[in-house]
Amino acid sequence: MIATTNTAPKAKVGEVLLEVEDLSVAYLTQAGPVPACDQVSFTLRRGEILGVAGESGSGKSTLITAMLRLQRPPAVTTGGRIVYHPDGADPVDLVRISERGLRRYRWNDLAIVMQSAMHCLNPVLRLSAQFVDVLATHNPSLSKADALARTGELLRMVGIAEDRLSNYAHELSGGMRQRALIALALACNPQLIVMDEPTTAVDVVMQRQILAQVIKLQAEFGFAVIFVTHDLSLLMELADRIAIMYAGRLVELGAAADLYTAPLHPYTKGLRDSFPPLHGDLTELRGIPGTPPNLLAPPSGCAFHPRCPRRFDACDQTEPPLIEHEGREVACLLYGTEGTPR
Ligand SMILES: Nc1ncnc2c1ncn2[C@@H]1O[C@H](COP(=O)(O)OP(=O)(O)OP(=O)(O)O)[C@@H](O)[C@H]1O
């Protein structure tokens, strides 16, 4: 009998897992640094599902790749800390830990499912070989037969029949590849799975199905999830809390239902009104006029002010800090330090 899957002990659900503090990441381009992630801070608890939403180019992928230190040049982490609290051990700062030290946690504790499933699976290896490789690396004493049995179990968990074990990546549909990657991410019983929205090869219905499966597994095993998407209505269904990014900054963070039903930031409201609600009557969709800024030359003050229906005089001069307001965090001058809307 091989060890079955188990992850974060349920009793620990709610404890702090990760603290991201003032994380800044820039792409050092010939035209100058692009501050794609600018002093982002949030705390993630064990077993929590955090959604990260924002338009294309708002810095979501930059944030999550930097969190696991998987960014590639020209991206550079220019400041901040990512404090990971391993189960039963002292916290570590993932920004400063050695590459070797980091390897201990990456995949074992902190797994990521990237946007492009096709490119993450090895095209010349059968699925079975890829899983056995990963399992053997993390548990050298596992026999091949046990590794294969465990692979079958992992694939079943994400709804892939075992007869796919001998398939190559190109023989799988986009949705299956995505599921296979999720199974691979689950292989080492992680504490956290970070998922970037699949942008190609998976339609919206398939995306919902895959996510529903992840949430089911999450409920069973208790790992935390960070899920990145454009689609706020999807997060409203799945996430405990939602973080909204605009031009590399966190502009609102709060409980999913609060943020969706009563958004504070005008950008959050615009984003919400750009997607059809999952339930209820169809309403007219209103996009957000204008386009996200060029981060090489961002607008002065609040980066959203040129597109904001509620801007006032100070908005093009003062960059709003992220403050606490009505139980959530928001970066908008409409909400003063006294906590009252102006
Ligand atoms: N290799 C790069 N060189 C320079 N700038 C980059 C590079 N990659 C991304 N950027 C810039 O960084 C910013 C954030 O990009 P990022 O991909 O993180 O956004 P995103 O919210 O994940 O977008 P999407 O939803 O389209 O994936 C954008 O302005 C983008 O143009």
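Reply: The shell around the ligand

The largest share of the shell around the ligand, three residues, comes from α1. Helices here are DSSP runs of H or I with at least four residues, strands are runs of E with at least two, and both are numbered from the N terminus. The model is predicted: local features need pLDDT of at least 70 and side-chain atom pairs count only at pLDDT 80 or more, while totals for chains, interfaces and linings use all residues. Residue numbers start from 1 along each chain as its sequence is written.

Besides α1 (60–67), the strands β1 (16–29) and β2 (32–45) each supply at least two residues of the shell. In total 15 residues surround the ligand, a residue being counted if its C-beta atom, placed from the backbone, lies within 6 Å of the molecule. The closest are Tyr27, Ala36, Ser56, Ser61 and Thr62. By class the shell has five nonpolar, nine polar and one charged residues; Ala, Val, Leu, Ile, Met, Phe, Trp, Tyr, Cys and Pro count as nonpolar, Asp, Glu, Lys and Arg as charged, and the others, Gly among them, as polar.

Now the backbone. Most residues other than glycine have a negative phi, and most peptide bonds are trans. The bond from Pro73 to Pro74 is cis, with omega near 10°, and Pro74 sits in the loop between α1 and β4 (75–84). Ala247, in the loop between β9 (241–246) and β10 (249–255), has a positive phi near 50°. Ala247 counts as buried because it has 23 C-beta neighbours inside 10 Å; the cut-off for buried is 20 or more other C-beta atoms within 10 Å, for exposed 12 or fewer, with partly exposed in between and C-beta atoms placed from the backbone. Glu326, in the loop between β11 (323–325) and β12 (328–330), also has a positive phi, near 50°. Glu326 is partly exposed, with 13 other C-beta atoms within 10 Å.
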